Amino acid sequence: MLSTLPAELLLLITSHLDSHTDILRLASCCRAFYPLLLPKVFTSLDLIEHHYGRLSHLAHTLAFNPTLAQEVRTLRVSHEWLRPSVMRYEQEVILPVLKSILGPDDSLSTWDQELQTQGSHDAWTVLLLALLPNLEDLVVQVHEYSNYTLEWMARIAEKEGSGLSKLRHLTVVCSDTDGGLSSSHFLPILRLPSLRSFCGDMIFDGEKDVEDQAFNTASYGSDNARYSNVTHIHLKSSCSRRGFASFIGAAKSLESFIFEHADIPPFLEDEGMYAANYYPPLQRHRETLQTLTLTDAYTNNYSNYGTYGYEYIGSFAGFSALKQLRLQICHIVDWDRGWSGRNETVRNRFSDLLPLSLESIILDALEAQHIPELVEAVKDLLSGGRCPNLTYLEVKGDWMHVMQSTEESNTKPRPIPALLDHFANFNVELGLLCSAAGVEFRLRDLHIEDIIKQNRLEGF
């Protein structure tokens, strides 16, 4: 019987259960199990997909049981609105917690009314976060500007030891807001001393005006720079004319910067990525940066269109720690397109642009006109031994395949089209070059991958 097993074995068995419900049911089997297994239910809480007990109920449970609150390491929470019928509010339990989180300018009566009558996840999130002394990983899904949660997090970031003292990973998803959120909401939060990684979805930097267009990243003031212990920044579906200089400059020692550009309000009329603006602030971290991605979000998946802005970023030869690099081809190669834009030549070689430390390079947005120069660039790189640690090269794009007829495209399963001759030859030539140098090479056609994905979804 399970009840006769040593506690160590029972905990080991429980570690293989992914469902909180299953763990809770097992904990409820007998009195011996309950105190041993119940804390495991609270280690990771997901209130976005599973809504365990609703936020207000969970806050009461943890306020009653501080030992359970100490077990929470991961929390995922959404700022949607609660219906009054599912809201719980016991003033004698909540008021002591509420008083502990209020700042000098906060109104106790305003917060009290907010929690009781509106039932906002935003206000309840602050209450819950104040109860979790050992929280390490936080995901916040914002449905509208979180005037309580983000302001509270910014405030405690200024007061070391006043809360979230062990938070290491923060993810903020702003896809359900009206055009995302400005980076200014998150810059103060980067001061949290324990924070090491920040991931933001739909973050924009600056306002849409002439002054921002003329923003000079090279002259960005250093008064507020290098104040954060964050080493990893990942910005998805975000945009900036400034090259997120304030984000990059905030880090004392940045090890990873991943940016996937997307046109979001208030920049919907912009088509450019302003890739060159990221280079000056990144230069500050050339001795520590190990992973760098600067690309457009559409290069992750098949799309019917693509905009390629020929904008040279700069040489990464001086980035002595860089191991993984992902860029669009039109940004890493210094193209000289001439007056017609048809006969491209390059002014720099890969051996001039890439560091000795590089292990992996991914090049996005391949077009047919890139092929001749890209082949020569790879030849130069591999023959010169400029990157002795290089083990992986990936090139990807759309529209490299033979066009299919309507009859072919409607077939179930849809047949996989062949590569066009010039892309097929490019694939063979680079494959041979890389194989001879001991480098793995992969050419990816995102349209073909999309066909394979759709075939699988349809059961083929």
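**A walk through the predicted model**

What we have here is a predicted model, in which local features need pLDDT of at least 70 and side-chain atom pairs count only at pLDDT 80 or more, while totals for chains, interfaces and linings use all residues. Residues are numbered from 1 along each chain as its sequence is written, and side-chain values use heavy atoms, with hydrogens and water left out.

T149 is found in helix α9, residues 149–157; helices (H or I, at least four residues) and strands (E, at least two) are DSSP runs, numbered from the N terminus. Which residues does T149 touch, not counting residues up to four places away in sequence? They are H79, D122, T125, V126 and L129, a contact being heavy atoms within 4.5 Å.

Turning to the whole protein, we have 18 helices and 16 strands, and of its 460 residues, 48% count as buried. If we take the contacts between residues at least 6 apart in sequence, 75% of them join residues at least 24 apart. The accessible surface comes to about 21,700 Å², of which 49% belongs to carbon and sulfur atoms, these areas coming from the Shrake-Rupley method with a 1.4 Å probe, and for residues only the protein chains shown count as cover.

I would now like to look at helix α17, residues 421–437, whose 17 residues reach 24 Å from the first C-alpha to the last, close to the 24 Å expected at 1.5 Å a residue; the expected span is 1.5 Å times one less than the number of residues. Within α17, F423, F426, L430 and C434 are buried. Seen down the axis of α17, the buried residues fall within an arc of 55 degrees, so they line one face of the helix, the arc being that of the directions from the helix axis to the C-beta atoms. In general, an α-helix has 3.6 residues a turn, so residues three or four places apart point the same way.

What covers the buried residues of α17 includes α15 (371–383), β15 (392–397) and β16 (440–445). On the other side of α17, the exposed residues are D421, N425, V428, L432, S435 and A436. After the helix comes G438, whose phi is positive, near 75 degrees.

Key:
Buried < 20%, exposed > 50% of the residue type's maximum accessible area, 1.4 Å probe, protein only.
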